[in-house]
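Could you walk me through this protein, starting with the overall layout and then going into the parts that are packed inside?

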Amino acid sequence: MGWRFRRPRAAQLFGRSRAANSGTPTKLDREATAEDLAGLEAFIASRRGVELYLEPETTATDTTVVAIAHDGEWIRRRTGSPQVAYRIATRRAVPLYEAARVGYPERMRVWNRAHPERRAR
């Protein structure tokens, strides 16, 4: 008699059963708060030439917006939904772009290179 190798099913390869894979995906991050929105509004009010770049919700993070000023300085804050980001952009009269479609402006990368301490966080 020869030895017979039995291949495990795909769902068992990494120690997870099918029951564990069903249902709602786990959210690893928190929801947007009033402080997130206030921080975004404060950044827009205190800088000139701000543009907003919408980042879609993922399984790890809520919907976020990257606000980029004229000099490339930027912040990322949760908004909770694209509709909230749209309302902020409309109220503050700043452009709102989909980051996945248009990418981020070069001035943001230039600012990141000039301020490496910001990446350490």
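This is a predicted model: local features need pLDDT of at least 70, side-chain atom pairs count only at pLDDT 80 or more; totals for chains, interfaces and linings use all residues.

Of the 121 residues in the protein, 31% are buried. If you take the contacts with a separation of 6 or more, 59% of them link residues 24 or more positions apart. The accessible surface comes to about 8,800 Å², and carbon and sulfur atoms account for 54% of that surface.

Now let us look inside. In soluble globular proteins, nonpolar side chains tend to be buried together. Here the largest nonpolar core has 15 residues, and the members that touch the most others are Leu40, Ile44, Val50, Leu52 and Ala67. Two or more residues of this core come from each of α2 (34–46), β1, β2 and α3 (82–92). The largest share, four residues, is given by α3. To see one of these members in its setting, pick out Val50: beyond its neighbours within four places in sequence, Val50 is in contact with Phe43, Ile44, Ala67, Ile68, Ala69, Val94 and Pro95. There is also a second, separate core of seven residues, with Val66, Trp74, Ala99 and Trp111 among them.

Next, turn to α3. Its buried residues are Val84, Ala85, Ile88 and Ala89. These residues cover an arc of only 135° around the axis, which puts them on the same side of α3. The general rule behind such a pattern is that an α-helix has 3.6 residues a turn, so residues three or four places apart point the same way. The buried residues of α3 pack against α2, β1, β2 and β4 (96–98). On the other side of the helix, Tyr86 and Arg91 are exposed. Just after α3 you will find Ala93, which takes a positive phi of about 55°.

Which of its residues are buried? They are Met108, Trp111 and Asn112. Seen down the axis of α5, these buried residues fall within an arc of 100°, so they line one face of the helix. Their cover includes β2 (64–68) and β3 (74–78). The face turned away from the buried side of α5 carries the exposed residues Arg113 and Ala114.

Two more residues are worth a stop. Glu51 lies in strand β1 (residues 51–55). Is its side of the story buried or exposed? Glu51 has a relative accessible area of 18%, under the 20% cut-off, and therefore counts as buried. Its side chain makes a polar contact of 2.8 Å with the side chain of Tyr53. Leaving aside neighbours within four places in sequence, Glu51 is in contact with Val66, Ala67, Ile68, Pro95, Tyr97 and Arg107.

Finally, find Thr63 in the loop between β1 and β2. With a relative accessible area of 3%, Thr63 is buried too. Its contacts beyond four places in sequence are with Leu54, Glu55, Pro56, Glu57, Arg77, Arg78, Thr79, Gly80, Ser81 and Pro82.

Conventions:
Residues are numbered from 1 along each chain as its sequence is written. Side-chain values use heavy atoms; hydrogens and water are left out. Buried means under 20% relative accessible area, exposed over 50%, partly exposed in between (1.4 Å probe, protein chains only). A polar contact is a pair of N or O atoms within 3.5 Å; within protein, one must be able to donate a hydrogen and the other to accept it, and residues adjacent in sequence count only if both atoms are side-chain atoms. Contact means heavy atoms within 4.5 Å. The arc is that of the directions from the helix axis to the C-beta atoms. A nonpolar core is a set of buried Ala, Val, Leu, Ile, Met, Phe, Trp, Tyr and Cys residues joined through side-chain atoms within 4.5 Å. Accessible areas come from the Shrake-Rupley method with a 1.4 Å probe; for residues, only the protein chains shown count as cover.
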